[in-house]
Amino acid sequence: MKNPRVPLAGVIGWPISHSKSPRIHGYWLSQHDVAGHYVPLGIAPEDFTEMMQQLPKLGFVGANVTIPHKEAALELATEVTPRAKMIGAANTLEFLPDGGFRADNTDGIGFINNLRQRAPDWDAGAGPALVLGAGGASRAVLWSLLDAGVPEILLANRTRARADALRTEFGDRISVIDWSKISDATAESALVVNTTSLGMSGQPPLEITLHCAPDALVTDLVYAPLTTDLLQQAQDKGLRTVDGLGMLLHQAVPGFEAWFGVRPEVDDTLRGVVLK
Ligand code: ATR
């Protein structure tokens, strides 16, 4: 028998009220006239394992996972995509007919697809990329840049040991540089990526002076504010910039397609809906 239920999906987090994912998927569901629903699911860590058994029984075909469940989801999954394994966290889950679930991580592909959409002439092979930060977001960016064919990544983190550990894991296309050298390193970087929380509303500023070549691209994962001081400085110097909102939108595409059977587009209307 065909599944008699309306397909459900949602975002699992604790807390969850801040998540923008319901707006993104809600927009696509109505745009494509899909008979399905996407809801915020506030699930405490101690309930996560049980919920992963219960949700499919209620008609859930999949879910996004966010803090604090991204690592737990990877451990509990019955299938893990290679990129989720490499990034070390899951953000997109698909329930399987055998009662298990597949864990994927679409943050890296979201990052790269956003760059490709907003800066179509960006060439991964153009030169080194400077990546600031060595947390979870950095892992997704490193995976995607290496996958896209960037020849070298200069990785800087306040706590250098975390960057050294990522070099050991991700390989010798990564060179660790000292946090105090980030401004100098921009001179030889074709791409500059901020994956730290510096520059976000309420956080300390990112102190950096860009010495980039004129064709360099500067991008920030921070999207509140949308134009961070880093992006403003780059624009003032005539450099191309890409803001961080698009990564959030693009990482949602593979999940929507897997759950609801339509590949959605990231467009300006969606940006407006999420910024509202
Ligand atoms: P996420 O998953 O968003 O990457 P995270 O794993 O907590 O979050 O990582 C936060 C990143 O921002 C780290 O690279 C962190 O540097 P440390 O590893 O030294 O903590 C960086 N970060 C946060 N506050 C910072 C600050 N005041 N100065 C420099 N880097 C900072």
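**Figure 1. The interface of domain 1 and domain 2.** About 1200 Å² is buried between domain 1 and domain 2, with 58% of this area on carbon and sulfur atoms. Of the area that domain 1 buries against domain 2, 49% comes from Met86, Ile87 and Arg271, more than from any other three residues. The model is predicted. Domain 1 covers 8–106 + 252–275, and domain 2 covers 108–247. Their C-alpha centres are 26 Å apart. Domain 1 puts 13 residues into the contact and domain 2 puts in 15 residues.

**Figure 2. Polar links across the interface of domain 1 and domain 2.** The interface holds 2 salt bridges. Arginine 271 is in a salt bridge with aspartate 243, with 2.7 Å between the closest N and O atoms. Polar contact across the interface joins 6 residue pairs. On the side of domain 1 that touches domain 2, helix H4 (82–87) and helix H12 (268–275) are the elements that give two or more residues. H12 gives the most, with 4 residues.

**Figure 3. An aromatic cluster.** Trp28, Tyr38, Phe256, Trp259 and Phe260 make up one aromatic cluster. The count of aromatic pairs is 5. The ring centres of tyrosine 38 and tryptophan 259 lie 6.1 Å apart with the planes at 35°, so this pair is tilted. Tyrosine 38 belongs to strand S2 (residues 37–42) and tryptophan 259 to helix H11 (residues 253–260), so the pair links parts of the chain 221 residues apart.

**Figure 4. Tryptophan 259 and phenylalanine 260.** These two residues form an edge-to-face aromatic pair, 6.3 Å centre to centre with 85° between the planes. Tryptophan 259 is buried, at a relative accessible area of 6%. Phenylalanine 260 is also buried, at 10%.

Conventions: Residues numbered from 1 in each chain as written. Predicted model: local features only at pLDDT ≥ 70, side-chain atom pairs only at ≥ 80, totals over all residues. Heavy atoms only, no water. Phe/Tyr/Trp six-rings, centres within 6.5 Å; stacked < 30°, edge-to-face > 60°. Buried < 20%, exposed > 50% of the residue type's maximum accessible area, 1.4 Å probe, protein only. Domains from an automatic or database assignment. Contact = heavy atoms within 4.5 Å. Buried area = accessible area lost by both parts, 1.4 Å probe. Salt bridge = Lys/Arg side-chain N within 4 Å of Asp/Glu carboxyl O. Polar contact = N/O pair within 3.5 Å; in protein donor to acceptor, adjacent residues only side chain to side chain.
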